[in-house]
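This briefing sets out the strand pairing, helix packing, pocket and local backbone features of one model. Please consult the sequence and the structure alongside the text.

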Amino acid sequence: MDDAGSAALEFIVAGVLLLVPLVYLVLTLGAVQEQTLGAEAAARHTARVIGQAPDAESAAASGDAVLAGVIREYGMDPDTVEVGLTCRPAGAQCPAAGATVIVTVRTQVSLPFMPPLFGLDQITAIPVEAQSAQKISRLWGSE
């Protein structure tokens, strides 16, 4: 049997078979990392703005503005971002003076090149969650 030239063909086939999944893995990890950093930044900055605001109205307005900016900056889908706000110790109002505000941001990362056929993009989405806490001054809202 004459095997002249078959090594180059085998190298090309094996290289493509190994390279395509590796490139897809790198793209997927990049997308997950971007959304993870975005969720963490959204939670951290929103908690900080709420904790440093002088009252509840400005805290809500500033928190919404910061959240929208972070979502836009990190290319997150605003429809998949969920934000939760809790305070410890639990009280009637949140945020309140002397409490610790905890902001939780949840989102989903769709896999690259996943078609929306039969809901595959939603089934294969990777959930991402980040939390941040900020202590509110005891003099908060007294101005």
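**Sheet, pocket and backbone**

Leu 85 has Val 103 in S2 as its bridge partner. The model is predicted: local features need pLDDT of at least 70, side-chain atom pairs count only at pLDDT 80 or more, and totals for chains, interfaces and linings use all residues. Residues are numbered from 1 along each chain as its sequence is written, and side-chain values use heavy atoms, with hydrogens and water left out. Helices (H or I, at least four residues) and strands (E, at least two) are DSSP runs, numbered from the N terminus.

**The sheet**

- Three strands form an open sheet in the order S1-S2-S3, with antiparallel pairing; two strands pair if DSSP finds at least two bridges between them.
- S1 and strand S3 (126–135) are at the edges with a single partner strand each, so one side of each has no neighbour in the sheet.
- On average, neighbouring strands of this sheet are turned by 20° against each other, direction ignored; axes are lines fitted to C-alpha atoms, for helices over the stretch in contact, and angles run from 0 to 180 degrees between N-to-C directions.
- S1 and S2 run antiparallel and are joined by seven bridges.
- Strand S2 (residues 100–109) pairs with S3 over 10 bridges, in the antiparallel sense.
- Within S3, Val 128 is the bridge partner of Thr 107, and Gln 134 is that of Val 101.
- Seven of the 10 residues of S2 are buried, so this strand is largely enclosed by the rest of the structure; buried means under 20% relative accessible area, exposed over 50%, and partly exposed in between (1.4 Å probe, protein chains only).

- Thr 46 is a residue of helix H1 and counts as buried because its relative accessibility is 5%.
- Apart from neighbours within four places in sequence, Thr 46 is in contact with Gly 63, Val 66, Leu 67 and Val 103.
- Leu 19 is also placed in helix H1, but it counts as partly exposed because its relative accessibility is 48%.
- Between the C-alpha atoms of Leu 19 and Val 101 there are 46 Å, the two residues being 82 residues apart along the chain.

**The largest pocket**

- The largest pocket holds about 170 Å³ of space.
- On a 1 Å grid over the protein atoms alone, a cavity is a set of points where a 1.4 Å probe fits but cannot get out, whereas a pocket is an open set with protein on both sides within 12 Å along at least five of seven lines; lining residues have an atom within 4 Å of a point.
- Grid points are joined across faces, edges and corners, and the volume is the space filled by probe spheres set on the points.
- Helix H1 (6–52), helix H2 (56–73) and strand S1 (82–88) each contribute at least two residues to the lining of this pocket.
- H2 gives the largest share of the lining, six residues.
- The lining includes Thr 46, Ala 56, Asp 64, Leu 85 and Cys 94.
- By class, nine residues of the lining are nonpolar, two polar and one charged; Ala, Val, Leu, Ile, Met, Phe, Trp, Tyr, Cys and Pro count as nonpolar, Asp, Glu, Lys and Arg as charged, and the others, Gly among them, as polar.

**Loops and backbone geometry**

- Gln 93 belongs to the loop between S1 and S2 and counts as exposed because its relative accessibility is 60%.
- Gln 93 and Ala 56, 37 residues apart in sequence, are 9.5 Å apart in space, C-alpha to C-alpha.
- Most residues other than glycine have a negative phi, and most peptide bonds are trans.
- Phe 113, in the loop between S2 and helix H3 (120–123), has a positive phi, near 60°, and is exposed, with a relative accessible area of 71%.
- Phe 118 is placed in the loop between S2 and H3; its phi is positive, near 60°, and the residue is exposed at a relative accessible area of 72%.

Conventions:
Contact = heavy atoms within 4.5 Å.
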